[in-house]
Amino acid sequence: MRIWTEWRPFPGRLPDEQIFVIGDVHGRGGALEMTLGAISEVPRAAPVRRLVSLGDLIDRGPANRYAIDAVLSGQETAGVDQVDLLPGNHELVLLDAVEDPTWVHFYADIGGLALIDELDPGAEAKTAETVAAVLRDRLPAGFLDRVRAAPSHLRLGDLVLVHAGLYPSVDDTVQARFLAQGRVGTEKEHWAWVRDPFLTWEGGWDADRRVVVLHGHTSAVRGPVHPDAYFEAADLVGSHRRLNLDAGAAGCEQVGFAELRGGAAPAYRIGMARACPALGDP
């Protein structure tokens, strides 16, 4: 199942682009394939068609290599002109594990075991050092370099795209300092890990409440759900000035996505792809 909402007004400015954004994937190949198919079927409506991944492409699901290859090849799989990769906390810990094997056990515990098993199906790697070597040598070419080079966020007009969230403030200096952090930070105060107080903040991200944050990391729903339930939980633009594209891929084959368009009347719509049964299905 894949479905879009109706178009909704965006409160700020957007560039003259067709912006497609994919939330957390976590190696869910079926839902991702449906997502990319839905995006590819949307006719061109702007000079530039951009695809942005909000991170956490990997871990927990069975199709991590496919997820990496399919998103980074978005020109073919989604029919876009440009692909922007933002790192999630899972990509950041993967880099830590590759560069310092003392992180391997932590990485495996947070879901990385799925990727390790996929890259090393015969369980040849027996130590943290050999697991780190498997991760380094068998991942799709260029992926680790893309993660290393990726920015913490992307700002497109009054849209901020980031994996987990922002610091609850309307002060540009505070936000810039928060987003300038490197790969390592505390769970409550880092752009790839934060939940509360970001999730409960209703004060906006700028004095005029034009800025909207598009994020993932914290699932908007629990378990397999009908898209309508996800859409209601995900769209908090009116109250919190944020849109949550984590549709619960950590637990099942569900991926959230969005399309945004600029111009005289900026607008957005949300999509969901699900390849697992849910209560209420016909």
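Student: What does E99 form a salt bridge with?
Tutor: Its partner is R183, and the closest N and O atoms are 2.9 Å apart. E99 sits in helix 4 and R183 in the loop between helix 8 and strand 8, so the pair links distant parts of the chain, 84 residues apart. Keep in mind that this is a predicted model.

Student: Which residues are in a salt-bridge network with them?
Tutor: The network links D96, E99, D145, R148 and R183.

Student: How many salt bridges does the whole structure have?
Tutor: A search finds 16. One of them joins R50 and D84, with the closest N and O atoms 2.7 Å apart. R50 lies in strand 4 and D84 in strand 5, so this pair ties together parts that are 34 residues apart in sequence. R50 and D84 are both buried.

Student: And what about D137?
Tutor: The side chain of D137 meets that of R136 in a salt bridge, at 3.9 Å from N to O. D137 is exposed, at 57% relative accessibility, while R136 is partly exposed, at 42%.

Student: Back to helix 4. How many of its residues are buried?
Tutor: 10 of its 11 residues are, so the helix is mostly covered. Among the buried ones are N89, H90, E91 and D96.

Student: What covers them?
Tutor: The cover includes helix 5 (104-119), helix 6 (128-138) and helix 7 (143-149).

Student: New topic: D206. Where is it?
Tutor: D206 is in the loop between helix 8 (172-179) and strand 8 (212-215). D206 is buried yet has no salt bridge.

Student: Why no salt bridge for D206?
Tutor: The nearest side chain of opposite charge, R210, is 5.4 Å away, and a salt bridge needs the nitrogen and oxygen within 4 Å. A polar atom of the D206 side chain does lie 3.0 Å from the backbone nitrogen of V211. Leaving aside neighbours within four places in sequence, D206 is in contact with V170 and V211.

Student: How many disulfides are there?
Tutor: The structure holds 0. The cysteine sulfur nearest to that of C252 belongs to C276, 3.9 Å away, and that is too far for a bond. C252 is buried with a relative accessible area of 9%, and C276 is buried too, at 14%.

Student: Okay, what about the sheet? What is the strand order?
Tutor: The open sheet has 5 strands in the order 6-7-8-10-9, with mixed pairing. Strand 6 and strand 9 stand at the edges with a single partner strand each, so one side of each has no neighbour in the sheet.

Student: How does strand 6 pair with strand 7?
Tutor: The two run antiparallel and are joined by 4 bridges. Strands 6 and 7 form a hairpin with 2 residues between them, and G157 in the turn has a positive phi of about 65°.

Definitions and conventions. Residues numbered from 1 in each chain as written. Predicted model: local features only at pLDDT ≥ 70, side-chain atom pairs only at ≥ 80, totals over all residues. Heavy atoms only, no water. Buried < 20%, exposed > 50% of the residue type's maximum accessible area, 1.4 Å probe, protein only. Lys, Arg positive; Asp, Glu negative; His and termini not counted. Polar contact = N/O pair within 3.5 Å; in protein donor to acceptor, adjacent residues only side chain to side chain. Contact = heavy atoms within 4.5 Å. Disulfide = S-S within 2.5 Å. Pairing = 2+ DSSP bridges.
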